[in-house]
Amino acid sequence: MPVSPTQRTLQRLRAQGYFAEVVEHRHSFAPAHVTVDFLGIIDVIALRPGATLGVQATSMKDNISNVNARMRKAEAEPRLVHWLAAGNAFEVWGWSENALVRWRALIVSGVVTWVRMEDER
């Protein structure tokens with residue numbers, strides 16, 4: 001059975017020395033199952049001395065459209081600015097079969113700006 005992007009994210013963060021936990025949850029009431037992310041954008045929160053990181057994890061099959069959609073969603077979320085202003089970091093992680101692509105959100109002159117982090121294989 002394939003490992004979900006969230007589970008892959010947990011494994012990677014823990015291997016990097018973070019204490020990491022899933023913070024999204026599911027509402028299972030009718031008519032549809034709905035997943036709710038922390039602050040509307042965070043699937044996993046990871047902590048280690050001097051660093052708090054919120055991650056939105058997604059799949060990235062043949063392109064990065066899922067990653068782009070998550071970045072746009074985060075930009076539209078007003079609570080992201082508060083998360084970053086509190087000294088926390090936020091990244092969108094896109095998982096393909098063989099690679100991880102990471103984008104970090106920064107506030108530059110009051111605007112959310114994205115920096116591509118080094119790809120990891």
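Student: Which residue in E7 is the bridge partner of Glu91?

Tutor: The bridge partner of Glu91 in E7 is Arg104. The model is predicted, so local features need pLDDT of at least 70, side-chain atom pairs count only at pLDDT 80 or more, and totals for chains, interfaces and linings use all residues. Residues are numbered from 1 along each chain as its sequence is written, and side-chain values use heavy atoms, without hydrogens and water.

Student: What makes E6 and E7 a pair?

Tutor: Two strands (DSSP runs of E, at least two residues) pair if DSSP finds at least two bridges between them. E6 and E7 have 5 bridges, in the antiparallel sense; therefore they meet the definition of pairing.

Student: Why are E1 and E8 called edge strands?

Tutor: The open sheet has the order E1-E4-E5-E6-E7-E8, with mixed pairing. E1 and E8 each pair on one side only, and they are therefore its edge strands.

Student: Which strands does helix H1 touch?

Tutor: Helix H1 (residues 5-15) packs on the sheet and touches E1, E4, E5, E6 and E7. Here a helix is a DSSP run of H or I with at least four residues, and contact means heavy atoms within 4.5 Å.

Student: What is meant by calling the set with Ile41 and Trp114 a nonpolar core?

Tutor: A nonpolar core is a set of buried Ala, Val, Leu, Ile, Met, Phe, Trp, Tyr and Cys residues joined through side-chain atoms within 4.5 Å. Buried means under 20% relative accessible area (1.4 Å probe, protein chains only). The largest such core has 18 residues, including Ile41 and Trp114. Apart from it lies another core, of 12 residues, among them Leu53 and Trp95.

Conventions
Buried < 20%, exposed > 50% of the residue type's maximum accessible area, 1.4 Å probe, protein only. Axes fitted to C-alpha atoms, helices over the stretch in contact; angles between N-to-C directions.
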